[in-house]
Structure formats: structure tokens, C-alpha cells
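Trainee: Before we go through the labels on this model, I would like to see it.

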Amino acid sequence: MKAFWIFVAGVILFGATFAGWVFLNAFGCGMNPTGCGGFSLNWSDFEALRLFLPTFVIGAGLMIWGLWLWWQR
């Protein structure tokens, strides 16, 4: 059961981080004074992405750890 909760924590952390990254991109699009009709995730802009990268890695690590613990049962 411990492996399941570790995996769930990783999924939640990874998902929340991804939602924050999408929100930041949408917010940046909305702050554009000329307006924008849509936005895209700018994965090449590492300046903002570096703030989200640690929690992406931690979330993915928790998911992998949870799966590894489940596999070891």
C-alpha cells in the first residue's frame, strides 16, 4: 500500500507542476499588450522552465520509486 501512495504523490506533484507551467504560459500570453488568440507551451524557454524542473524531476522520481516498490513485492 505504501508504494501506491508514493506513486499517487508523484502523480499529484507532477500534475500540479504541469498545471502551473500551463498557467504561467497562459498568464504570459494574457499579459501581452497586443493580445493573443492562443498560447503554446514554450519548452525552449529555459529561463521559466528551470523553476519548474526540480518539481517535475521529484514528481517523476516519486512515480518511479512507487512503481519500483510495487514491482519488488
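This is a predicted model: local features need pLDDT of at least 70, side-chain atom pairs count only at pLDDT 80 or more; totals for chains, interfaces and linings use all residues.

Mentor: Residues are numbered from 1 along each chain as its sequence is written, and side-chain values use heavy atoms, with hydrogens and water left out.

Trainee: How do you know how helix 1 runs relative to helix 2?

Mentor: The axes of helix 1 (residues 2-30) and helix 2 (residues 46-72) cross at roughly 160° and come within 7 Å. Helices here are DSSP runs of H or I with at least four residues, numbered from the N terminus. Axes are lines fitted to C-alpha atoms over the stretch in contact, and angles run from 0 to 180 degrees between N-to-C directions. Angles under 35 degrees count as roughly parallel, over 145 as roughly antiparallel, 65 to 115 as roughly perpendicular and the rest as oblique. Helix 1 is therefore roughly antiparallel to helix 2.

Trainee: What makes up the contact of helix 1 with helix 2, by class?

Mentor: That contact has 22 nonpolar and six polar residues, and no charged ones. Nonpolar covers Ala, Val, Leu, Ile, Met, Phe, Trp, Tyr, Cys and Pro; charged covers Asp, Glu, Lys and Arg; the others, Gly among them, are polar.

Trainee: What is the span of helix 1 set against?

Mentor: The expected span is 1.5 Å times one less than the number of residues. Helix 1 has 29 residues and reaches 42 Å from its first C-alpha to its last, close to the expected 42 Å.

Trainee: Why is T17 called buried?

Mentor: Buried means under 20% relative accessible area, exposed means over 50%, and partly exposed is in between, with a 1.4 Å probe and protein chains only. T17 has 6%, so T17 is buried. T17 belongs to helix 1 and touches F52, T55 and F56, leaving aside residues up to four places away in sequence. Contact means heavy atoms within 4.5 Å. The buried residues of helix 1, including A3, W21 and C29, pack against helix 2.

Trainee: Which labels do A19 and W5 get, and why?

Mentor: Both A19 and W5 are in helix 1. A19 has 45% relative accessibility, so A19 counts as partly exposed. W5 has 51%, and therefore counts as exposed.

Trainee: How far is the C-alpha atom of W5 from that of R73?

Mentor: The separation is 15 Å, with W5 and R73 lying 68 residues apart along the chain.

Terms used. Helices (H or I, at least four residues) and strands (E, at least two) are DSSP runs, numbered from the N terminus.
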